[in-house]
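I set out below what I looked up in this structure. The entries run from single residues to the whole chain.

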Amino acid sequence: SGERVAGNEYTMRHRDGSTFTVVFYGLPIRRQDQIVGMRGVAVDISELKHTQKELERARDKLEDRVRERTLQLEFANQELRKAEAKYRTLVEHVPAITYITAVDEENTVVYVSPQAETFFGTRSTGGTEASRFWSDHLHPDDRDRVLGARSRSRATGERFISEYRMVAKDSRIVWFRDEADIIRDEQGQPLYVLGIMLDITAQRRAEQQL
């Protein structure tokens with residue numbers, strides 16, 4: 001056609017029968033407006049083509065792994081939501097208050113089970129106000145002892161176990177056995193505090209009667 005040849009690929013064969021790929025760039029040779037030949041250069045791009053194929057295979061494998069990992073995460077999230085629903089159903093029907101607090105100086109409450117409303121006449125939504133509500137409703141004779149034990153537990157990482165009184169609604173005195181653990185990640189860093197407050201008022205009254 002007389003036009004420049006640029007980037008045409010050809011498959012060639014070695015003497016031993018193996019094949020290789022070259023790309024040819026050329027220009028027509030003209031004499032008196034007639035094409036009498038072609039001059040150009042052929043570049044062996046076999047290694048490049050091999051590398052491209054390897055990259056394509058690696059990309060396909062990576063996409064397969066991403067899809068597989070995505071499915072695994074979706075399944076894990078579904079199982080986590082199911083487990084969370086079962087856990088909430090459990091903790092919200094036992095005769096005790098389950099709570100989660102942050103590991104900070106304010107002991108910020110992250111979650112309180114609905115049973116708190118039964119004892120105190122109010123449903124807490126968490127936060128620092130819930131933490132102050134708990135400390136403010138500790139029985140005056142137990143407050144210093146319990147707050148000191150909780151501070152030591154946070155400082156040492158040991159389980160917090162304490163029995164104390166709280167002033168509930170209608171000025172009733174309720175005894176609780178409170179047990180809490182610091183939950184940590186795989187590196188040992190504290191994530192949050194998970195605890196349960198069990199109503200032991202009847203047990204305490206029976207002990208007093210005995």
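**Entry 1**

I located Ile-173 in strand β7, which covers residues 173–184; helices (H or I, at least four residues) and strands (E, at least two) are DSSP runs, numbered from the N terminus. The model is a predicted one, in which local features need pLDDT of at least 70, side-chain atom pairs count only at pLDDT 80 or more, and totals for chains, interfaces and linings use all residues. Residues are numbered from 1 along each chain as its sequence is written, and side-chain values use heavy atoms, with hydrogens and water left out.

I noted Ile-173 as partly exposed because its relative accessibility is 34%; buried means under 20% relative accessible area, exposed over 50%, and partly exposed in between (1.4 Å probe, protein chains only). I then listed its contacts (heavy atoms within 4.5 Å). Beyond the neighbours within four places in sequence, Ile-173 touches His-139, Arg-165, Met-166, Val-167 and Thr-201.

I followed the chain back to His-139, which sits in the loop between α3 (128–136) and α4. His-139 has 14% relative accessibility and therefore counts as buried. The C-alpha atoms of His-139 and Ile-173 are 8.0 Å apart, although 34 residues separate the two along the chain.

**Entry 2: helix α4**

I checked the length of α4 (residues 143–156): its 14 residues should span 20 Å at 1.5 Å a residue, and the end C-alpha atoms are 20 Å apart, so the two agree. The expected span is 1.5 Å times one less than the number of residues.

Which residues of α4 are buried? I found Val-146, Ala-149, Arg-150 and Ser-153. They lie on the same side of α4 because they cover an arc of only 100° around the axis, the arc being that of the directions from the helix axis to the C-beta atoms. On the face turned away from that buried side I recorded the exposed residues Asp-144, Arg-152, Ala-155 and Thr-156. Just after α4, Gly-157 has a positive phi of about 85°.

**Entry 3: salt bridges**

Asp-142 pairs with Arg-145, with the closest N and O atoms 3.5 Å apart. Asp-142 is buried because its relative accessibility is 4%, whereas Arg-145, at 42%, is partly exposed.

Asp-64 pairs with Arg-67 at 2.2 Å between the closest N and O atoms. Both lie in helix α1 (residues 46–91), three residues apart, about one turn of the helix. Residues three or four places apart point the same way because an α-helix has 3.6 residues a turn. Asp-64 is partly exposed at 42% relative accessibility, and Arg-67 is partly exposed at 47%.

I also noted a salt-bridge network that links Arg-159, Glu-163, Arg-177, Glu-179, Asp-181 and Arg-204.

**Entry 4: the chain as a whole**

I counted five helices and eight strands in the protein chain. Their order along the sequence is β-β-β-α-β-β-α-α-α-β-β-β-α. Of the 210 residues, 26% are buried. Among contacts between residues at least 6 apart in sequence, 34% join residues at least 24 apart. The chain exposes about 15200 Å², of which carbon and sulfur atoms supply 50%; accessible areas come from the Shrake-Rupley method with a 1.4 Å probe, and for residues only the protein chains shown count as cover.

Terms used: Salt bridge = Lys/Arg side-chain N within 4 Å of Asp/Glu carboxyl O.
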